[in-house]
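Trainee: Hi! Could we go through this model together? I'd like to start with helix packing.
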Amino acid sequence: MTVEAAVSPPKRPHLTVRLAAPRGFCAGVDRAIQIVERALEKYGAPVYVRHEIVHNRHVVDRLKAMGAVFVKELDQCPDDRPVVFSAHGVPKSVPATARSREMLFLDATCPLVSKVHVEAERHHAAGRHILLIGHAGHPEVVGTMGQLPEGAISLIETVEDAEAFVRPHDAPLAYATQTTLSVDDTAEILAALKRRFPELPDPHKEDICYATTNRQEAVKRLGEVSDLVLVVGSKNSSNSVRLVEVALRAGAAAAHLVDDASAIDWSWFDGVQSLGVTAGASAPETLVQGVVDAVCARFDAEVSEDDGLRETVTFKLPRLLTA
């Protein structure tokens with residue numbers, strides 16, 4: 001009688017996994033999503049949303065399933081249904097049009113983006129020409145530039161733009177920034193502007209929001225000690241894309257942006273012993289957990305969470321939804 005030897009499953013390779021803290025949703029994103037959810041509860045479906053409420057495919061798809069209808073422009077919305085403006089902010093012409101059509105609208109603009117709008121208006125009222133550091137075409141930049149008359153703001157995307165900028169009519173200058181930029185890249189652009197225009201105020205980080213700054217600091221710590229960093233977030237999420245760049249700059253051998261666990265290319269893990277995982281400010285924690293679960297299914301993973309900042313910021317919902 002032959003006794004067959006029991007075949008042991010192959011031993012899974014060991015992997016150290018560190019989760020960034022903080023990561024994922026910020027207060028502005030959480031508020032914007034709640035506004036759509038509460039509007040659907042209060043007014044029923046459909047509720048229209050101008051542009052993606054936040055830049056995350058999974059969030060948008062979930063809200064679509066609940067009855068939200070996402071459109072590019074206001075003229076795609078009927079007059080008799082509520083419309084929500086995205087967290088990125090909108091030009092002044094958008095709410096003005098909504099009022100002229102007597103539409104019920106809810107503004108989900110992040111309060112920290114609204115702060116930049118107020119700052120830009122204050123500089124304009126004081127007769128200053130504004131330099132806006134940001135990315136052309138990003139909804140937040142479109143919204144900020146749309147707060148003022150055409151020509152009142154010049155967009156600066158790079159150090160080269162800062163070097164090439166020509167002051168219009170010897171006007172006094174001021175600057176503002178998109179809230180989701182790389183802190184380090186922005187500092188370089190501001191240094192170039194300050195060298196050319198010494199009267200500009202010293203560089204500061206107030207416009208780059210707390211959540212962007214905190215997540216970049218957290219991913220720097222991961223990049224310093226990780227062979228590979230995965231950033232959970234969508235490709236059109238500016239703050240998520242910046243996290244990949246920051247991780248690489250901090251020393252990670254490789255860093256990739258993934259929508260979810262299904263986007264992972266497992267060849268990235270060849271030779272990897274340490275993995276860092278974080279998420280952009282518009283990515284739900286469930287997606288992070290999905291990535292961790294997928295990693296744990298393939299590796300003998302030792303998972304730990306960094307002892308980072310704990311964010312306690314919250315923003316109030318519009319009165320229409322709380323009354």
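Mentor: Happy to! First a term: a crossing is left-handed if the near helix is turned anticlockwise from the far one by less than a right angle, and right-handed if clockwise. Helices (H or I, at least four residues) and strands (E, at least two) are DSSP runs, numbered from the N terminus. This is a predicted model, where local features need pLDDT of at least 70, side-chain atom pairs count only at pLDDT 80 or more, and totals for chains, interfaces and linings use all residues. Residues are numbered from 1 along each chain as its sequence is written, and side-chain values use heavy atoms, with hydrogens and water left out.
Trainee: Got it. In which hand does α8 pass α9?
Mentor: The crossing of α8 and α9 is right-handed. Contact (heavy atoms within 4.5 Å) involves Thr212, Arg215, Gln216, Val219, Lys220, Gly223 and Glu224 on α8, and Asn239, Arg242, Leu243, Val246, Ala247 and Ala250 on α9.
Trainee: What else do the buried residues of α8 pack against?
Mentor: Besides α9 (238-250), they pack against β1 (14-19), α7 (183-196), β9 (228-232) and β11 (274-279). Buried means under 20% relative accessible area, exposed over 50%, and partly exposed in between (1.4 Å probe, protein chains only). Among the buried residues of α8 are Ala218, Val219 and Leu222.
Trainee: Switching to α4, how far apart are its end C-alpha atoms?
Mentor: They are 21 Å apart, which agrees with the 21 Å that its 15 residues (111-125) should span at 1.5 Å a residue. The expected span is 1.5 Å times one less than the number of residues.
Trainee: And which residues are buried in α4?
Mentor: Val113, Val116, His117, Glu119, Ala120 and His123 are. Down the axis of α4, these buried residues fall within an arc of 160°, so they line one face of the helix. That arc is taken from the directions from the helix axis to the C-beta atoms.
Trainee: What covers them?
Mentor: The cover includes β6 (129-133), α5 (139-145) and β8 (173-177). Exposed Val118 and Ala125 sit on the face of α4 turned away from its buried side.
Trainee: Last topic: how many disulfides are there?
Mentor: The count is 0, taking a disulfide as a pair of cysteine sulfur atoms within 2.5 Å.
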